[in-house]
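Trainee: Could we go through this one together? I'd like to start with the ligands.
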Amino acid sequence: MESNYLQKFYDKTPDERITALQSAGILDEEAIANLQEGLKLPQEIADNMIENQLSTYELPYGVALNFLIDGKDYVVPMAIEEPSVIAAASAGAKIIAKAGGFRTTIQKRVMIGQVALKNVPDSVAAEQLILSHEENILQAANAAHPSIVKRGGGARRVSVRILPADDVEGIPAFLVVHLHVETLEAMGANIINTMMEGVIPYLERLTGGEALMGILSNYATDCLATAECRIPAALLAKGEFSGDEVRDRLIEAYQFAYVDPYRAVTNNKGIMNGIDAIVLASGNDWRAISAGAHAYASRSGQYRSLTSWKKAENGDLLGSLTLPLPIGAVGGSINFHPAAKMTKEILGYRSASELESIIASVGLAQNFSAIKALVTEGIQKGHMGLHSRSLAISAGAVGQEIEQLSQLLKGEKNMNLATAQSLLAQIRGADTVD
Ligand SMILES: CC(C)(COP(=O)([O-])OP(=O)([O-])OC[C@H]1O[C@@H](n2cnc3c(N)ncnc32)[C@H](O)[C@@H]1OP(=O)([O-])[O-])[C@@H](O)C(=O)NCCC(=O)NCCSC(=O)C[C@@](C)(O)CC(=O)[O-]
Ligand SMILES: NC(=O)C1=CN([C@@H]2O[C@H](COP(=O)(O)OP(=O)(O)OC[C@H]3O[C@@H](n4cnc5c(N)ncnc54)[C@H](OP(=O)(O)O)[C@@H]3O)[C@@H](O)[C@H]2O)C=CC1
């Protein structure tokens with residue numbers, strides 16, 4: 001990719017940005033036409049996607065730059081309503097690219113489905129029976145969804161969890177059967193749900209229990225993605241802070257988010273700023289990814305930071321993010337939603353694993369930028385600087401007033417709606433703005 005074309009990207013108009021991406025070889029003529037038309041979801045498709053559909057809900061669709069991941073350059077599409085997220089991702093990725101980029105490790109993509117059985121007469125004996133009949137269970141599951149087996153995937157393993165009764169809360173015992181399934185390029189929710197319902201009759205006969213439900217688990221602990229980076233302290237200096245000081249403060253920010261759930265939730269919201277935005281842009285199920293990520297943050301019994309920042313022996317900063325990423329490169333609306341198709345084209349990803357690498361790297365860059373801002377100049381300078389345009393629009397500014405009011409707001413100590421409305425009234429030469 002010829003990255004010179006992408007310099008000062010954010011100072012360009014949307015049309016100039018599209019031309020820059022064309023010059024960089026990222027967009028072809030058809031993609032350009034689609035972007036200029038606005039990635040509209042046709043009414044007929046929208047009406048068939050959900051129930052009781054009335055219209056469509058639009059979000060801005062932009063790109064974060066500078067992502068060097070496993071030696072490959074990416075321009076990363078994001079769909080998001082919040083200002084400064086794309087700037088922060090690009091800023092973090094730029095520093096990390098200077099340090100050699102992100103390295104990722106993607107676990108073999110295995111998803112988990114559950115059947116919960118109740119009233120099992122002897123749980124310990126049932127567990128043994130299930131494990132000794134593993135082959136039959138796998139066969140029943142694969143017979144329920146033969147096409148994924150033909151593609152080279154399918155159910156691979158069975159495991160059992162005995163959840164004892166809780167007499168205090170009046171909760172009965174459950175025997176939970178997990179099926180570990182390779183869903184290949186799909187997230188696999190429908191594949192797994194079909195399989196789980198397919199094995200229920202056999203499990204009921206085998207155990208003498210009664211199935212409560214069969215369903216995919218969004219806690220995809222067999223589908224983990226890790227992104228890492230190693231940044232020399234010299235690249236971290238900011239304002240009055242030396243690179244060593246910023247590194248140490250970043251590590252302390254991580255330590256704070258490790259020990260305090262109140263901080264960890266905000267820290268992880270910052271990570272999900274970027275992750276949700278690319279997951280949404282890719283047409284994937286962002287509720288599934290968010291639910292799994294937050295559960296993974298609680299895996300030790302306490303909700304903690306999803307990222308870790310540590311000091312290497314030579315003084316470099318080491319960053320790492322691991323989370324479950326059961327996304328798909330096919331399935332759901334990925335292959336027909338115009339924005340999801342555009343995201344596939346811009347990223348040029350060839351597999352769900354490659355998309356996982358990109359998403360995990362975005363999360364790490366996002367956290368790096370957010371906590372770097374927090375421990376140096378504070379969040380408001382960068383975030384509110386970019387938020388000023390949204391505030392101007394909220395105050396009622398239109399056309400050239402938006403830029404004019406946004407510039408005035410940046411000079412104000414209290415950048416809020418009341419200030420924006422008062423400044424807009426001054427611009428218009430009026431006492432108040434309706
Ligand atoms: C905003 C910055 C990046 C400025 O940071 P900066 O260092 O002043 O930026 P810069 O002007 O030196 O530019 C550095 C690079 O940033 C990018 N960049 C710079 N400006 C733009 C722009 N307008 N549009 C697009 N990209 C931009 C761009 O890549 C640029 O490189 P260049 O292209 O110039 O060579 C920084 O202050 C920052 O990262 N802040 C964090 C912002 C953030 O995290 N926002 C999320 C919303 S707040 C929140 O929800 C989460 C939080 C914070 O609570 C999470 C937590 O608590 O952990
Ligand atoms: N708890 C949750 O998260 C739930 C989520 N969902 C929703 O389910 C959807 C995701 O389910 P999912 O099963 O992934 O999607 P789909 O059922 O939409 O698509 C998966 C299908 O794609 C086909 N396919 C084509 N090429 C491949 C390939 N290389 N690898 C794998 N499959 C391929 C397969 O069909 P074939 O082999 O027949 O051609 C496969 O069954 C999302 O929309 C999600 O929102 C639904 C229920 C619960």
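Trainee: By class, what does the shell around ligand 1 have?
Mentor: The shell around ligand 1 has ten nonpolar, ten polar and seven charged residues. Ala, Val, Leu, Ile, Met, Phe, Trp, Tyr, Cys and Pro count as nonpolar, Asp, Glu, Lys and Arg as charged, and the others, Gly among them, as polar. This is a predicted model, where local features need pLDDT of at least 70, side-chain atom pairs count only at pLDDT 80 or more, and totals for chains, interfaces and linings use all residues. Residues are numbered from 1 along each chain as its sequence is written, chains are lettered from A and ligands numbered from 1 in the order in which they are written, and side-chain values use heavy atoms, with hydrogens and water left out.

Trainee: Which residues come nearest to ligand 1?
Mentor: Tyr-10, Ser-84, Lys-94, Arg-263 and Lys-269, out of 27 residues around ligand 1. A residue is near a molecule if one of its heavy atoms lies within 4 Å of it.

Trainee: What about polar contacts there?
Mentor: A polar contact is a pair of N or O atoms within 3.5 Å. Tyr-10 has a polar side-chain atom 2.7 Å from an oxygen atom of ligand 1. In the side chain of Ser-84, an N or O atom is 2.7 Å from a nitrogen atom of ligand 1. For Asn-273, a side-chain N or O atom is 3.1 Å from an oxygen atom of the ligand.

Trainee: How much of ligand 1 does the protein bury?
Mentor: 75% of the 1,100 Å² that ligand 1 exposes when taken alone. Accessible areas come from the Shrake-Rupley method with a 1.4 Å probe.

Trainee: OK, ligand 2. Which residues are closest?
Mentor: Ser-147, Arg-151, Gly-188, Asp-285 and Gly-332, among the 21 that surround ligand 2.

Trainee: And which atoms of Gly-188 and Asn-218 are involved?
Mentor: In Gly-188, a polar backbone atom is 2.6 Å from an oxygen atom of ligand 2. In Asn-218, a polar side-chain atom lies 2.9 Å from an oxygen atom of ligand 2.

Trainee: Which element gives the most to the shell around ligand 2?
Mentor: α8, with four residues. Helices are DSSP runs (H or I, at least four residues), numbered from the N terminus.

Trainee: Which domains does the shell around ligand 2 draw on?
Mentor: At least three residues come from each of domain 1 (65-105 + 225-377) and domain 2 (110-217). Domain bounds come from an automatic or database domain assignment.

Definitions and conventions:
Polar contact = N/O pair within 3.5 Å; in protein donor to acceptor, adjacent residues only side chain to side chain. Helix = DSSP H or I, 4+ residues; strand = E, 2+ residues; numbered from the N terminus.
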